[in-house]
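Have the model open while you read.

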Amino acid sequence: MAKKKNSTKRKTEKPTKKLQKCIDCNLKTDDYYVTSINKGKIVRCCNCHELNILRSTKFDIKFLKTEEVNHE
């Protein structure tokens, strides 16, 4: 006995993203990044997230250069 295949497959719809409020610019957006911190999770829009990455990278490089100068 062969089992019949279910010929009617349901199409799954992609879930829509909810509008979230950015912690930096206070604008609601559906294009966001969720970041975990010690106090929980925060939401940043795409632009603020990229700016935050650039700022933190600049700080790390500046700090690294001062360490190299001190060790020489």
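Thr29 touches Lys18, Leu19, Gln20 and Cys45, leaving out residues up to four places away in sequence; touching, or contact, means heavy atoms within 4.5 Å. Keep in mind that this is a predicted model, where local features need pLDDT of at least 70, side-chain atom pairs count only at pLDDT 80 or more, and totals for chains, interfaces and linings use all residues. Residues are numbered from 1 along each chain as its sequence is written, and side-chain values use heavy atoms, with hydrogens and water left out.

**Thr29**
- You'll find Thr29 in strand E2, residues 28–29 (strands are DSSP runs of at least two residues, labelled E and numbered from the N terminus).
- Thr29 counts as buried because its relative accessibility is 17%, and buried means under 20% relative accessible area with a 1.4 Å probe, protein chains only.
- A polar atom of the Thr29 side chain lies 3.1 Å from the backbone nitrogen of Asp31.

**Val43**
- Val43 sits in strand E4, residues 40–45.
- With a relative accessible area of 16%, Val43 is buried too.
- Neighbours within four places aside, Val43 is in contact with Gln20, Lys21, Cys22, Ile23, Tyr32, Tyr33 and Val34.
- Asp24 is 19 residues from Val43 in sequence, and their C-alpha atoms are 8.7 Å apart.

**Strands E3 and E4**
- E3 (residues 32–37) and E4 run antiparallel, joined by 6 bridges; two strands pair if DSSP finds at least two bridges between them.
- The two strands make a hairpin, with 2 residues between them.
- Opposite Tyr33 you'll see Arg44 in E4.

How values were computed
Helices (H or I, at least four residues) and strands (E, at least two) are DSSP runs, numbered from the N terminus. Buried means under 20% relative accessible area, exposed over 50%, partly exposed in between (1.4 Å probe, protein chains only). A polar contact is a pair of N or O atoms within 3.5 Å; within protein, one must be able to donate a hydrogen and the other to accept it, and residues adjacent in sequence count only if both atoms are side-chain atoms.
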